[in-house]
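Here is a short briefing for a first look. Keep the structure in view while reading.

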Amino acid sequence: MLRDPDRMKDQATPAPDRVSAVYLSEVLSDLDEGADFLSRLNETDLAAVRAAGTAVRCAKGEGVFFQGDRHSGIWLIEKGTVRTFYAGPSGREITLALWTVGHFVGGPEIFGGGTHMWSADAQEDVELLYLTGARIRQLIDTMPSFAICIINGLVAKGKCYSALVQMLGTRSVTERLAQLLIILADTHGRPEGNRLVIEKKITHEHLAAIVGSTRQWATMTLDKFQKKGLITVSRSRMTIENYEMLLGVVS
């Protein structure tokens, strides 16, 4: 079945040329909040921000910054997707979010100082604009509108991680996986008859890291969903066969 029209009102609606960020959240409309945090800048101010930054390219799999490293600034995503993730003492990772064009990574210490509480890596070849803490402070001192942009960006990040904590604390891991599939369907799904084909290639390991489980558990649960007729999984794609039944797992 196709998506429930009432629920679609609350889903993320990124610009046509922008792909939505992905993280665990009850409210889909919040997913891309913060992607346009620089939108209040006029062309002159935006040019000044770009002139203050340094263009950075990272190949797929390359680290952008690392947990425990000293904060030095932020990276604005201009192309591609960047994952932020936390690694526990055992080495087990949990993915915090997949950030896309328009978002920034590297906070919350935007002026530098302290150490990164998590890491970030490129999920594909990415292009970033790096702003040092010193440059950010200069821009804020001379451009009040940029200060408001930064505040709005940090508010969006705070809401993201609050949503993640709420999901981890109040939802079972099965419900979190079902919600993640709903999010992927709404943000990356392509209608194909009465089904939704998730265009974004994402492995069982990636799914497990987002919902806080093991790859083996994710594979087993996806198999259960498939036997119930909720989804179809193949090597190249995942298809949501019954969106409303999948919603029922979360409700």
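The chain averages a pLDDT of 89.

**Confidence**
- A pLDDT of at least 70 is reached by 93% of the residues.
- Residues 1-16 have a pLDDT below 50. Beyond near neighbours in sequence, this stretch has 39 contacts in the model.
- Where pLDDT is low, the predicted coordinates should not be read in detail.

**Nonpolar cores**
- The largest nonpolar core has 56 residues. Trp99 and Ile240 have the most contacts inside this core.
- Helix 5 (residues 173-188) gives the largest share of this core, eight residues.
- A second, separate core has 17 residues, including Leu38, Leu41, Ala52 and Leu131.
- In soluble globular proteins, nonpolar side chains tend to be buried together.
- Not counting residues up to four places away in sequence, tryptophan 99 touches Ala21, Tyr23, Ile77, Gly80, Thr81 and Val82, among others. Its partners also include Thr84, Val105, Lys157, Cys160 and Tyr161.

**Cysteines**
- The whole structure has zero disulfides.
- Cysteine 149 is in no disulfide. For this residue, the nearest cysteine sulfur is that of cysteine 160, 19 Å away.
- Cysteine 149 is buried, with a relative accessible area of 0%. Cysteine 160 is buried too, with a relative accessible area of 0%.

**Salt bridges**
- The structure holds twelve salt bridges. Side chains of opposite charge can pair when their charged atoms come close.
- A network of salt bridges links Arg190, Glu192, Arg195, Arg237 and Glu241.
- Arginine 195 pairs with glutamate 192 in a salt bridge, with the closest N and O atoms 2.7 Å apart. Arginine 195 is partly exposed, at 28% relative accessible area. Glutamate 192 is partly exposed as well, at 27%.
- Glutamate 241 also forms a salt bridge with arginine 195, the closest N and O atoms being 3.3 Å apart. This pair links distant parts of the chain, 46 residues apart. Arginine 195 is in strand 10 (residues 195-198), and glutamate 241 is in the loop between strand 12 (238-240) and helix 8 (243-250).
- Aspartate 223 forms a salt bridge with lysine 227, and the closest N and O atoms are 3.3 Å apart. The two residues are separated by about one helical turn because they are four residues apart in helix 7.
- Aspartate 223 is partly exposed, at 33% relative accessible area. Lysine 227 is exposed, at 69%.

**Two more sites**
- Is threonine 221 buried or exposed? Threonine 221 is buried, with a relative accessible area of 4%.
- Threonine 221 is in helix 7 (residues 215-227). Not counting residues up to four places away in sequence, threonine 221 touches Thr174 and Leu177.
- Glycine 114 is in the loop between strand 6 (104-105) and strand 7 (119-122). At 34% relative accessibility, glycine 114 is partly exposed.
- Glycine 114 touches Asp69, Arg70 and His71, not counting residues up to four places away in sequence.
- Glycine 114 and arginine 70 are 44 residues apart in sequence, yet 5.7 Å apart in space, C-alpha to C-alpha.

How values were computed
Residues are numbered from 1 along each chain as its sequence is written. This is a predicted model: local features need pLDDT of at least 70, side-chain atom pairs count only at pLDDT 80 or more; totals for chains, interfaces and linings use all residues. Side-chain values use heavy atoms; hydrogens and water are left out. A nonpolar core is a set of buried Ala, Val, Leu, Ile, Met, Phe, Trp, Tyr and Cys residues joined through side-chain atoms within 4.5 Å. Buried means under 20% relative accessible area, exposed over 50%, partly exposed in between (1.4 Å probe, protein chains only). Contact means heavy atoms within 4.5 Å. A disulfide is a pair of cysteine sulfur atoms within 2.5 Å. pLDDT is the predictor's confidence in each residue, from 0 to 100. A salt bridge is a side-chain nitrogen of Lys or Arg within 4 Å of a carboxyl oxygen of Asp or Glu.
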